[in-house]
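The following exercises are to be worked through with the sequence and the structure at hand. Each task is followed by a solution in steps.

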Amino acid sequence: MNDIFTLMKSELAVTAIIFLLLLIKIGKGVRNEALLPIIQVLLLINLISGFFFNKEGALFGDMFHTSTLIAFQKNILNLGVYLISLLFTDWLKKSQHMAEFFMLILSALLGMFFMISSGNLLIFFLSLELSTIPVAALANFDLEKKRSSEGAMKMILSSAFSSGILLFGISLMYGATGTISFAEIPAKLDGSSLQVLAFVFLFSAFAFKLSIVPFHLWTADVYEGSPIAVSSFLSVISKGSVAFIFISALYKVFQPMQAVWYNMLVILAVATMIIGNLFALRQQNIKRFLAFSSIAQVGFILVGMSSSDNTGVTAVTYFILIYVFSNLAAFGIASVISEHSGKENIDDYKGLYKTNPFLSWVLALALFSLAGVPPTAGFFGKLFLLTAGAAKGEYWFITIAALNMVISLYYYLRIVRAVFMDKNETPVDKIKLNDSVKLAFIICGAGIVLTGLFSWIFDFIQSLH
Amino acid sequence: MPNATIIALIPLLPLAGFVLLGLFGRKVFRNSSGILATVLLLASTVLALYTAYEYFFVYGKVDSIYQKFIPLQLTWLEFYKGLSIDMGIYIDPISVMMLVVVTFVSLMVHIYSLGYMKGEERFPVYYSFLGLFTFSMLGLVLASNIFQIYIFWELVGVSSFLLIGYYYDKPSAVAACKKAFIVTRFADLGFLIGILILSFCSGTLDFQTLIQRLTVPGSSEFNTAVSYSFMGVSAITWGAALVFVGGAGKSAMFPLHIWLPDAMEGPTPVSALIHAATMVVAGVFLVTRLFPVFAITTPNTLVIVGWVGAVSAIFAAIIACTQTDIKRVLAYSTMSQIGYMMFALGVSKYGGEAGLGFTASLFHLFTHAMFKALLFLAAGAVIHYVHSNEMKDMGGLRKQLPITHITFLIACLAIAGVPPFAGFFSKEEILLAAYQNNIAIYYIALITSGLTAFYMFRLYFNIFWSKPYESHGESHHGEGGFVMMLPLVLLAIGAAAAGFIPFGEYVSSDGTPLKSNFHLQFSIAPVVLGLTGIFTAMWLYRSQNDRPAKIAASLNGFYKAAYHKFYIDEVYVFITKKILFNLIGKPAAWFDRNVVDGAVNLTGATTQAISVGIKKIQSGKVQQYAIYFLAGVIVLAALFIYVWK
């Protein structure tokens, strides 16, 4: 019984916060101004406590298992949610349903936690659904906007389609191996056509959630329609959680099929990087731009995953930590500017430096990190992904990845140029930042600079195996 | 065993000075910056002397051989097991001797600058740069591996750049610091490639291991290093030669010397420290560090070292006879003396008596540091007094500047090799080594030593005798206060007495003490030549007359060529501007504009076109998305079930 409280403490903590919010909501109701700080503090406590007392173990007949690495990965997601609660303060305060927003987001987070810890295909499927459906509801959160509803609709339909294929794959897998337990599947894999077909179906579900080309088409529409807070949740936290379970499924469960999935990863990584970059090149809307550029980033994550040993796990985990800081900072700036001026086009960012130097510097840091420019952390993240990917000796693959880094450098720097150099008659007005937003930007900026410079962070992640 | 903390403090104290003055100099230490830096360096000097005492007289000698110690080794970047970049301290007779030289001369310059630089607007900045330089130089001499040397090598270059350009509002100073930086950078490229070759061959960066692996025939590293060849020359020879290119750049060896005379644009105490006593001998130090590799594995490279040194020595001495700017005379003299040290290494062999040249080279480095620093500081005192660098504005200053006069005279006698001053002893050993190994170099060295005596006394008589001093009307202060005279006196004592140190007892190529044997008959020739030089200079310059002009006229063409430094600068300008620019730069620019840009634009246009093309996929219709999704699944399944099996 004690095991439940120690091994599932992250899940229990999140559940507790959800119920607390529910009670507050059905009670008298508290004003947003008073409730938000409480939530922020709760999330902070949740984040800090996530660093302690992490143990390795399994529960419920191996359906749920955890380790120090998994606990750390969960805590990266906790960090992301905490940053979101700070970054989007302005938008949240205006919302009529702030408590529901957090209940939904935490439910999705809970689903992700179970997903990362899942020990068989059934739990995996259930937790995947738990992490998806609340987000579809969140996508619809701008109630008065038609595009928001459209995005939510597209998301729920596409997810349903993906889930159908996934379930089909799970039943085929059960048929072909006679088990749904992650621990037992590897022994039963013999590479028969049926198993490969089942694996492709399962793979496509991961690919859908990660927005890997050609399963990515829903992404841009949903990101553009959703409130920025939700887009950022989708692009950072949702992607991160699926990447964690994807890599552990590939390395542990489907290890015998490595020859198959290595080639799949290579093909899809190349397609994803190239298509994501090509689309990102021509976007004018900042949200669509970030959507496509995050697709390209996933391509790089796949490069790191292809290594198939511990260096891959470390590189991916480290990259996602950095990605949380960088991409959330970029989304945060887009949100602040959109909230205050209603402007969402890249052209509107021209001359931002004149009026908002602090925001401009944070944005520049974030974009440099996303582009992988040294000495920001993003550079180290990409470096480790590429070295992990290079382990197999497929240098043309790494060359393509490196070329794509150059292309992405071009479009990220395009924004930096707009902000710092281009002239504009009517730049965005000077924005007075809320303290908690400022705090979030400072945390992100520090994360972007320091995560790369402190090599012990990487060493620490490496030591978690 | 050496005490790592004490030794580590020696470079760290000046670094602390740099950090403190760099951050708070302008506000907190506005008036006390000089004192602070000097006190820190004094502490450093005391520690260095203590270390030297302990090493040479207490623990250093085991079985009458001086041992090598590595009291501190921190792994900085580990590439894989066995190859890492470390930061360490390497203690052997050479590094201990260099510690003493660097801290002592630096301390003298710190004290002297208290008076010389007084009233400067950027006084704290000056001292912080001095601290940075001293730190880098000490880090360089203590380095335990070749990569660490490279790092500090570059740091030394940077601080030299900063100090030459100290008067940044003077265009000539700015041009000089750029020139120094670019020329030495260019040489450092050779150094870096050399390091890469050597470490690739030996599989290590660490000095001791590297030397051990590359000098013992039969080991696998040795065989690789000798058998790999490029253009008919073995890898190890390339490596050693390229390292020497780096050393030649920093040590202003012909033909990479062109930056040194221009570097005299920096403040004079800086010239004394960096461009006379310490940084410019880094090249010599580098060759001595890798000396076993040079001497045992690639003796051919050592021949190059010897000839480059000899040519530089005589070449610079001839130019020095014609210059009229007193600091430039000293600059060429420095180049000539470093040439001495280089060829001394070139004619040396490894181990025992045959290693005489090695000991002599470092002995000369040691004595040269004393008298050359003294010459520069004394010249600084003269410049301070007359506000000009030109000989024609001086003359007859022995009344006005009595202490400067005496100390300058001692330094001149030392550099001219007059017994019993320091330069005599070290130069004797160099000449003896040359005589035993390479007679051609010996004669070059002999002529050079006569020339040295001549141009030094030309300088001396022109400054202190020649004509009665005419004041140019400005109100004159005296000779400079106590802080400026104290270093002169201390250095003069060094220049007079340093020769009596039995140097070979302490520093030799393989650590075993070397008895210096003194041959009276052998030293007759150089001393006579030196005295001839001195008396010729006296006859020409003691009082004003038309003899120098007549001689210059009779040697018309040669004199002009020497006066214009043999047009080496012009050659460089011709090569870079005319040849490199027209033959390589212009075609490269054309290629860049028309081919590279064209290709880039084509790629850009293609990308845009594809981007427009695939836009149709992103239609916004969710049914179509599902179709693509399904198509993706089917293609993957088909690919991996039927094709890829």
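**Exercise 1.** What is the handedness, left-handed or right-handed, of the crossing of α7(A) and α12(A)?

*Solution.* The model is a predicted one, in which local features need pLDDT of at least 70, side-chain atom pairs count only at pLDDT 80 or more, and totals for chains, interfaces and linings use all residues. Residues are numbered from 1 along each chain as its sequence is written, while chains are lettered from A and ligands numbered from 1 in the order in which they are written.

Step 1. Locate the elements. Helices (H or I, at least four residues) and strands (E, at least two) are DSSP runs, numbered from the N terminus. Helix α7 of chain A covers residues 121-139, and helix α12 of chain A covers residues 228-253.

Step 2. Consider the geometry. Axes are lines fitted to C-alpha atoms, for helices over the stretch in contact, and angles run from 0 to 180 degrees between N-to-C directions. The axes of α7(A) and α12(A) come within 10 Å and cross at roughly 165 degrees. Angles under 35 degrees count as roughly parallel, over 145 as roughly antiparallel, 65 to 115 as roughly perpendicular and the rest as oblique. The two helices α7(A) and α12(A) are therefore roughly antiparallel.

Step 3. Decide the hand. A crossing is left-handed if the near helix is turned anticlockwise from the far one by less than a right angle, and right-handed if clockwise. The crossing of α7(A) and α12(A) is left-handed.

Step 4. List the contact. Two residues are in contact if their C-beta atoms, placed from the backbone, lie within 7 Å. From α7(A), the residues S131(A), V135(A), L138(A) and A139(A) meet V230(A), F233(A), L234(A), S238(A) and S241(A) of α12(A). This contact divides into six nonpolar, three polar and no charged residues. Ala, Val, Leu, Ile, Met, Phe, Trp, Tyr, Cys and Pro count as nonpolar, Asp, Glu, Lys and Arg as charged, and the others, Gly among them, as polar.

**Exercise 2.** Describe the packing of α9(B) with α14(B), and then that of α3(B) with α16(B).

*Solution.* Step 1. Helix α9 (residues 235-250) and helix α14 (residues 299-320) of chain B have axes that come within 9 Å and cross at roughly 20 degrees. They are therefore roughly parallel to each other. The crossing of α9(B) and α14(B) is right-handed.

Step 2. In α9(B), T237(B), A240(B), A241(B), F244(B) and A248(B) meet N300(B), T301(B), I304(B), V305(B) and V308(B) in α14(B). The classes in this contact are seven nonpolar, three polar and no charged residues.

Step 3. Helix α3 (residues 93-116) and helix α16 (residues 356-386) of chain B pack at an angle of about 5 degrees, with axes 11 Å apart. That angle makes α3(B) roughly parallel to α16(B). The contact of α3(B) with α16(B) has 12 nonpolar, two polar and no charged residues.

**Exercise 3.** Which residues of α19(A) are buried, and what covers them?

*Solution.* Step 1. Helix α19 of chain A (residues 395-420) has 26 residues and reaches 37 Å from its first C-alpha to its last, close to the 38 Å expected at 1.5 Å a residue. The expected span is 1.5 Å times one less than the number of residues.

Step 2. A residue is buried if 20 or more other C-beta atoms lie within 10 Å of its own, exposed if 12 or fewer, and partly exposed in between; C-beta atoms are placed from the backbone. The buried residues of α19(A) are F397(A), A401(A), N404(A), I407(A), S408(A), Y411(A), Y412(A), I415(A), V416(A) and V419(A).

Step 3. The cover of these buried residues includes α13, α14, α16, α17 and α18 of chain A.

**Exercise 4.** Is L359(A) buried or exposed, and is A34(A) buried or exposed?

*Solution.* Step 1. L359(A) is found in helix α17 of chain A. L359(A) counts as buried, with 25 C-beta neighbours inside 10 Å. Leaving aside residues up to four places away in sequence, L359(A) touches I333(A), V336(A), L352(A) and I431(A).

Step 2. A34(A) lies in helix α3 (residues 32-49) of chain A. With 8 other C-beta atoms within 10 Å, A34(A) is exposed.

**Exercise 5.** How many residues of chain B are in contact with chain A?

*Solution.* Step 1. In chain B, 18 residues are in contact with 25 residues of chain A.

Step 2. The largest share of that side of chain B, 11 residues, comes from α26(B). By class, the side has 13 nonpolar, five polar and no charged residues.
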